[in-house]
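Here is a short briefing on one protein model. Keep the sequence and the 3D view open as you read.

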Amino acid sequence: MTFQDIFKSSFLDNVTSISLLDMGIALVLAFLLGLFIFIVYKKTFSGVMYSSTFGVTLIALTMITTLVILAVTSNVVLSLGMVGALSIVRFRTAIKEPLDIAFLFWSIAVGIVLAAGMIPLAVIGSIIIGVILLVFVNRKSYVAPYMLVLSCDSQKSEDAAKTLLAEHTTRMVVKSKTARDGMVELNLEVRLKSDNTDFVNQISRLPGVHSAALVSYNGDYMG
């Protein structure tokens, strides 16, 4: 074995396995599509508190996935080692919104498809997914269910409130009812006919009604 053979390494051979042009094109496209995913996420966010860091994570995740898949596709031996290395990674951050999982998978999928060289699939697929999310997530808010928390002092005031409520809703279901001495508390799931919520003020002014509160309801925090 010569001195030259000692320093000859497959590591140096891998330097030219991916051209700088291919790498640059893939990462630029990954950034642009990641930015598009971030914009769609921002437009369709419907949670309680918007996190800008999650949006930036979507961009970074798209580029990182592209980088990893570029390395994997250039070397079969490296791909086996990469699988073992990534298998020990654990994510501890809780996903609060179910739709956030779709955005994470979207970012990962775009990174994989771009690195595989299927640029039209990544671009056209992202546009279609983005349009679908914008159409279905940004629908009218009054279509979603609401919870009406009603506090009154008698059956008569309860019936009066339900009668007025029926005029402004398409669906009304009693979820729970608590009766105490001189006090009745109702939790009703309602679907509104329009986005006008002035009827809540009218209900609160009815004789015997102590309070009426309308709360947006997505099924996660009330039974």
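**Aromatic pairs**

The count comes to 5 aromatic pairs in this predicted model. One of them joins Phe36 and Trp106 edge-to-face, at 6.1 Å centre to centre and 90 degrees between the planes. This pair links distant parts of the chain: Phe36 is in helix H3 (residues 20–44), Trp106 is in helix H6 (residues 98–115), and the two are 70 residues apart.

- Phe36 has 28% relative accessibility, so Phe36 counts as partly exposed.
- Trp106 has 6% relative accessibility, so Trp106 counts as buried.
- Trp106 also pairs with Phe103; this pair is tilted, with 5.9 Å centre to centre and 35 degrees between the planes.
- Phe103 and Trp106 both sit in helix H6, 3 residues apart, about one turn of the helix.
- Both residues, Phe103 and Trp106, are buried.
- Ring pairs tie Phe36, Tyr41, Phe45, Phe54, Phe103 and Trp106 into a cluster.

**Overall fold**

- The protein has 9 helices and 4 strands.
- Along the sequence, the pattern reads α-α-α-α-α-α-α-β-α-β-β-α-β.
- Of the 223 residues in the protein, 26% are buried.
- Take the contacts between residues at least 6 apart in sequence: 70% of them join residues at least 24 apart.
- The protein exposes about 14,400 Å², and carbon and sulfur atoms supply 66% of that area.

**Nonpolar cores**

- In soluble globular proteins, nonpolar side chains tend to be buried together.
- The largest nonpolar core holds 17 residues; Leu150, Leu165, Leu188, Val190, Phe199, Ile203 and Ala212 touch the most other members.
- Two or more residues each come from strand E1 (146–152), helix H8 (155–166), strand E3 (183–192), helix H9 (199–204) and strand E4 (209–216).
- E3 gives the largest share of this core, 5 residues.
- A second, separate core has 14 residues, including Val40, Leu58, Val113 and Leu114.
- Which residues does Leu188 contact, leaving aside its neighbours within four places in sequence? They are Tyr146, Met147, Leu148, Leu150, Lys162, Leu165, Met172, Val173, Val174 and Lys175.

**Strand E3 and its partners**

- Why is E3 largely enclosed by the rest of the structure? Because 7 of its 10 residues are buried.
- E1 and E3 run antiparallel, joined by 7 bridges.
- Across that pairing, Cys152 has Val184 in E3 as its bridge partner.
- Strand E2 (residues 169–180) also runs antiparallel to E3, and 10 bridges join them.
- Here Arg171 has Arg191 in E3 as its bridge partner.
- The hairpin of E2 and E3 has 2 residues between the strands, and Gly182 takes a positive phi near 75 degrees.

- Asn187 lies in strand E3.
- Is Asn187 buried or exposed? Its relative accessibility is 14%, under the 20% cut-off, so Asn187 counts as buried.
- The Asn187 side chain makes a polar contact with the side chain of Ser176, at 2.8 Å.

Methods
Residues numbered from 1 in each chain as written. Predicted model: local features only at pLDDT ≥ 70, side-chain atom pairs only at ≥ 80, totals over all residues. Heavy atoms only, no water. Core = buried A, V, L, I, M, F, W, Y, C linked by side-chain atoms within 4.5 Å. Buried < 20%, exposed > 50% of the residue type's maximum accessible area, 1.4 Å probe, protein only. Contact = heavy atoms within 4.5 Å. Pairing = 2+ DSSP bridges. Polar contact = N/O pair within 3.5 Å; in protein donor to acceptor, adjacent residues only side chain to side chain. Phe/Tyr/Trp six-rings, centres within 6.5 Å; stacked < 30°, edge-to-face > 60°. Areas by Shrake-Rupley, 256 points an atom, 1.4 Å probe, with all protein chains shown as cover.
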